[in-house]
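Here are some notes for a colleague who is opening this structure for the first time.

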Amino acid sequence: SLSSPAVTLTPPPSLPQKPRWARMDSGPATTTAVPLGHKDKLVVIMGATGAGKSRLSIDLATHFPSCFEIINSDKMQVYKGLDITTNKIPVPDRLGVPHHLLGQFDPLDGELTPAEFRQLAGQAVSAITSRRKVPMLVGGSNSLIHALLVDRFEPGVDVFQDCAAISSELRYNCCFLWVDASLTVLADYLSKRVDEMLDSGMLEELAEFCEPEDDDLAIRTGLRKAIGVPEFSRFFKKYPPICESQKARPDDPVRRGAYKEAVRAIKDNTCQLAKTQIAKILRLRVAGGWDLQRLDATEAFRAVVTSEDDDGKRWSEIWQKQVVEASVKIVKRFLEQ
Ligand code: ATP
């Protein structure tokens, strides 16, 4: 069901000086403080990779018909390509809800910086509010969420690394929903999800994308940083993709071992990403005082990882009750304010 066109990307030897999306008026880096009541409303769905942010965004958008348009804030999903590897929500699953900054940029144009994201997503917010709809920011890249939301943004400062203060002054009236789950349960789910992604064609997608000669982490930019690319580039270097399906190869135990090792590395790195993302979210909440409302999806994910769940029915019931209904209440109150 993925609308993934055949990915035939050949990254250039060097990146262009000025990416396409950077050729625009950069505008002021800061804005003047506006009282909360006059700020545009924005719903933000945060959470670690795999926590169900996209699913919740569609659940909410369908509960409040024609109310929301979604702006993606996953730094890998802004690019075209690697739809399976980066877990972009497939077009049929979007149920007609408009999405912005999702699969829009050519990775060959260079890396989209947080400052550029602030500007482009800011324009999307203005366009959506001018249509009398509410923007919903959805994605796990906390550096992008921070860049868009803070009143005063300093390009080049990594607020999560440099022990910089996190501002509580935001330029929109935000309702923050944080979808969270116990890390042990989430880790089991993420491992299962990687297996499902491989079943859906992740290896074939990466075979088209990766350059076997290039496994130098230092020169990776943009989409080439996506989890799956470095891990399988190393694999393809030893076992270059062949024209027919990888599965048609004779079963070589050494190759099978290298494949398993790549899959294990993807699972480990995905788990590590989830941990880092949760730490960043906590930092926004604690150091920045951002009013994040935590929704616990642990029981829902436990239902997915235990085998008793028949066709996801149990998962769906728990998700609906513990995550969707709780979010609907919060969002309803926010919209009525
Ligand atoms: P950082 O500043 O560390 O990049 P961030 O908050 O800006 O953090 P994250 O979303 O946490 O961004 O992404 C960090 C890294 O995790 C990316 O550079 C990439 O390697 C990996 N990553 C993030 N999202 C995805 C995704 N959708 N698919 C694959 N890999 C991803």
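1. Two strands count as paired if DSSP finds at least two bridges between them; helices (H or I, at least four residues) and strands (E, at least two) are DSSP runs numbered from the N terminus. Strand S2 (residues 68–72) and S3 run parallel and are joined by two bridges. Ile71 has His100 in S3 as its bridge partner.

2. This is a predicted model, in which local features need pLDDT of at least 70, side-chain atom pairs count only at pLDDT 80 or more, and totals for chains, interfaces and linings use all residues. Residues are numbered from 1 along each chain as its sequence is written, and side-chain values use heavy atoms, with hydrogens and water left out.

3. The open sheet has six strands, ordered S3-S2-S4-S1-S5-S6, with parallel pairing. S3 (99–100) and S6 (292–296) each have a single partner strand, so one side of each lacks a neighbour in the sheet.

4. Helix H7 (residues 253–286) packs on the sheet and touches S1, S5 and S6 (contact: heavy atoms within 4.5 Å). The direction of H7 makes about 145 degrees with that of S5; axes are lines fitted to C-alpha atoms, for helices over the stretch in contact, and angles run from 0 to 180 degrees between N-to-C directions.

5. The whole structure has zero disulfides, meaning pairs of cysteine sulfur atoms within 2.5 Å. Cys210 is buried at 10% relative accessible area, while Cys271 is partly exposed at 22% (buried is under 20%, exposed over 50%, partly exposed in between; 1.4 Å probe, protein chains only).

6. Ser66, in the loop between helix H1 (53–63) and S2, has a positive phi near 60 degrees and is exposed at 62%.
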